[in-house]
Amino acid sequence: AAQPDEIKDPLQPLNRQIYAFNDMLDRNVARPLAVQYVAKVPTDVRGSYRHFRKNMGEPWNAVNQLAQGRPLRAIKSLGRFTINTITTLGLADPARRLGLETEEEDLGTTLGYYGVPSGAYIMLPIMGPSTLRDAAGRVVDSQARPQKYLLEDHDNLYWTEQVMRGVDTRANLLDVESVLQGDKYAAIRDIYLQRKKFEINEKKGGNSAEDVSFIEDESETNSDN
């Protein structure tokens, strides 16, 4: 995130326009819905839905962990899924009390684990911050969610669940809004890039994010010619 804007964010003029559109939707639709959701839905109900949603993602977490060559971590994710599903249908997280912590994964992180450069930062309409690598990964991630197949013949239920997922995610950000000061676009961008680099490097066992690049290193590109 400390790299110059022209390197990490070459599409900034377009990205800022998309951010302005997203911000307008957030102020007029997403945030009001999130506020009402927090005010009217009991904390326990919101927590149970969040646990259920995360539990449904554990098999895909395990697939990515296997792809990363981390079979023990994959076994833990499958263990979490099994324990939580059998005991509470995924509505609670007893596996955590047994020492099985969650570790959420996606294809973009797995590609980054193997050194695939993230490419330019991009702001996606509605979906928010991403990179070229992570945006491509999201396409696959969206096909890997069990909800897509469980609700395949129930379009209304599927899209209701998607909206609820978005509202719940936005509700989780209400308490940290005050952290964003000044240029919010730049703050969101740098937080996203730093967090993604840290996640990838942590899985690789490093203590620095320097070995995960946004784009191909110029020296590496020249050496290939």
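Reader: Let's start with Ile-18. Where is Ile-18 found?

Author: Ile-18 is found in helix H2. Helices (H or I, at least four residues) and strands (E, at least two) are DSSP runs, numbered from the N terminus.

Reader: Is Ile-18 buried or exposed?

Author: Ile-18 counts as buried, at 18% relative accessibility. Buried means under 20% relative accessible area, exposed over 50%, partly exposed in between (1.4 Å probe, protein chains only).

Reader: What does Ile-18 touch?

Author: Leaving out residues up to four places away in sequence, Ile-18 touches Met-123, Leu-124 and Pro-125. A contact here means heavy atoms within 4.5 Å.

Reader: And how far is Ile-18 from Arg-170?

Author: Their C-alpha atoms are separated by 18 Å, and the two residues are 152 residues apart along the chain.

Reader: Hold on. What kind of model is this?

Author: This is a predicted model: local features need pLDDT of at least 70, side-chain atom pairs count only at pLDDT 80 or more, and totals for chains, interfaces and linings use all residues. Residues are numbered from 1 along each chain as its sequence is written, and side-chain values use heavy atoms, with hydrogens and water left out.

Reader: What pLDDT does the protein average?

Author: The average is 88, and 90% of the residues score at least 70. pLDDT is the predictor's confidence in each residue, from 0 to 100.

Reader: Where does pLDDT stay under 50?

Author: Over residues 208-225. For that stretch the model has 24 contacts beyond four places in sequence.

Reader: Back to H2. How do the axes of H2 and H10 cross?

Author: They come within 8 Å and cross at roughly 80°. That makes H2 roughly perpendicular to H10. Axes are lines fitted to C-alpha atoms, for helices over the stretch in contact, and angles run from 0 to 180 degrees between N-to-C directions. Under 35 degrees counts as roughly parallel, over 145 as roughly antiparallel, 65 to 115 as roughly perpendicular and the rest as oblique.

Reader: Which residues make the contact of H2 with H10?

Author: H2 brings Asp-26, Ala-30, Arg-31, Leu-33, Ala-34, Tyr-37 and Val-38. H10 brings Met-164, Val-167, Asp-168, Arg-170 and Ala-171.

Reader: How many of them are nonpolar, polar or charged?

Author: The contact has 8 nonpolar, no polar and 4 charged residues. Ala, Val, Leu, Ile, Met, Phe, Trp, Tyr, Cys and Pro count as nonpolar, Asp, Glu, Lys and Arg as charged, and the others, Gly among them, as polar.

Reader: Now H3. How many residues does H3 have?

Author: H3 covers residues 43-56, which is 14 residues. From first C-alpha to last, H3 reaches 20 Å, close to the 20 Å expected at 1.5 Å a residue. The expected span is 1.5 Å times one less than the number of residues.

Reader: Which residues of H3 are buried?

Author: Arg-46, Gly-47, Tyr-49, Arg-50, Arg-53, Asn-55 and Met-56. These buried residues pack against H2 (12-40), H4 (58-67), H5 (71-88), H9 (146-150) and H10 (155-171).

Reader: And what do the buried residues of H5 pack against?

Author: They pack against H3, H4 and helix H6 (94-97). The buried residues of H5 are Arg-73, Ala-74, Ser-77, Gly-79, Arg-80 and Asn-84.

Reader: What about Glu-58, buried or exposed?

Author: Glu-58 is buried, with a relative accessible area of 1%. Its place is in helix H4. Glu-58 touches Ser-77, Arg-80, Phe-81 and Thr-102, not counting residues up to four places away in sequence.

Reader: What about Ile-126: where does it lie?

Author: Ile-126 lies in the loop between strand S1 (121-124) and strand S2 (128-131). Ile-126 has a positive phi of about 70° and is not a glycine. At 68% relative accessibility, Ile-126 counts as exposed.

Reader: Last stop, H11. Is Ile-200 buried or exposed?

Author: Ile-200 counts as buried, at 0% relative accessibility. Ile-200 lies in H11, residues 184-203.
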